[in-house]
Each structure stands twice: as C-alpha cells, then as structure tokens.
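User: I am new to this structure and would like to learn how to read its features one at a time. Could you take me through them slowly?
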Amino acid sequence: MSKIMFDYTKSVLERVSFDPMLFCKELEKAIKALLPFELELLREWLLHFVIEKPELKQCLIIVNK
C-alpha cells in the first residue's frame, strides 16, 4: 500500500510542478501522509527532480524541517 501512496505523491508533484506555490502546498500534504522511510525516498527524488526545475528549489525547505 505504501508504495502506491509514494508513487501517487510523485505523480501529483510532477503534475503541479508548473506552479511553485501549488507544488509546495502538495508537498506539505505529502509529508503528512507518507511514512518516515517514504519521506527519505521523497527527499532523494526531489533533489533530482528540482535540478531541472530550479524555481522549485525553495520547496526543499519544507522537507528539511
């Protein structure tokens, strides 16, 4: 079940990546829903994802709290 939630979270974040504010909002929701080990996976994924979208780097602060 958790793999499904993690994959869903990634797909939502990819779809809203055109808007940094919306991306941050969805990221905050994801942090509340995911398990601790999934958050680590999400952090790793985000580091690679924002390389191509530097406008989203500000949202990394949310996962590093």
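User: Which residues do ring pairs link into a cluster?

Analyst: The idea is that rings of Phe, Tyr and Trp (its six-membered ring) pair if their centres lie within 6.5 Å, and that planes under 30 degrees apart count as stacked, over 60 as edge-to-face and the rest as tilted. In this predicted model, ring pairs link Phe23, Trp45 and Phe49 into a cluster. Before going on, please note that local features need pLDDT of at least 70 and side-chain atom pairs count only at pLDDT 80 or more, while totals for chains, interfaces and linings use all residues. Residues are numbered from 1 along each chain as its sequence is written, and side-chain values use heavy atoms, with hydrogens and water left out.

User: How many aromatic pairs does the structure hold?

Analyst: There are two aromatic pairs. Phe23 and Phe49 are stacked, at 6.1 Å centre to centre with 10 degrees between the planes. Since Phe23 lies in helix α2 and Phe49 in helix α3, this pair ties together parts that are 26 residues apart in sequence. The rings of Trp45 and Phe49 have centres 4.7 Å apart and planes at 15 degrees, so this pair is stacked. Trp45 and Phe49 are four residues apart in helix α3 and are therefore separated by about one helical turn.

User: Is Phe23 buried or exposed?

Analyst: Buried means under 20% relative accessible area, exposed over 50%, and partly exposed in between (1.4 Å probe, protein chains only). Phe23 counts as buried at 0% relative accessibility, and Phe49 is buried with a relative accessible area of 16%.

User: Which residues of α3 are buried?

Analyst: Helices are DSSP runs (H or I, at least four residues), numbered from the N terminus. Helix α3 covers residues 36-49, and its 14 residues reach 20 Å from the first C-alpha to the last, close to the 20 Å expected at 1.5 Å a residue; the expected span is 1.5 Å times one less than the number of residues. The buried residues of α3 are Glu38, Leu39, Leu42, Trp45, Leu46 and Phe49. They cover an arc of only 125 degrees around the axis, which puts them on the same side of α3; the arc is that of the directions from the helix axis to the C-beta atoms. The face turned away from this buried side carries the exposed residues Pro36, Leu47 and His48.

User: Which residues touch the most other members of the largest nonpolar core?

Analyst: In soluble globular proteins, nonpolar side chains tend to be buried together. A nonpolar core is a set of buried Ala, Val, Leu, Ile, Met, Phe, Trp, Tyr and Cys residues joined through side-chain atoms within 4.5 Å. Of the 19 residues in the largest core, Leu13, Phe23, Leu27, Leu34, Leu42, Trp45 and Leu46 touch the most other members. The elements giving two or more residues to this core are α1 (2-15), α2, α3 and α4, and the largest share, five residues, comes from α3. Leaving aside neighbours within four places in sequence, Leu13 is in contact (heavy atoms within 4.5 Å) with Phe23, Glu26, Leu27, Leu42 and Trp45.

User: Which residues does the disulfide join?

Analyst: A disulfide is a covalent bond between the sulfur atoms of two cysteines, and the rule used here is a pair of cysteine sulfur atoms within 2.5 Å. A disulfide joins Cys24 to Cys59, with S to S 2.0 Å. The pair links distant parts of the chain, 35 residues apart, with Cys24 in helix α2 (residues 20-33) and Cys59 in the loop between α3 and α4 (60-63).
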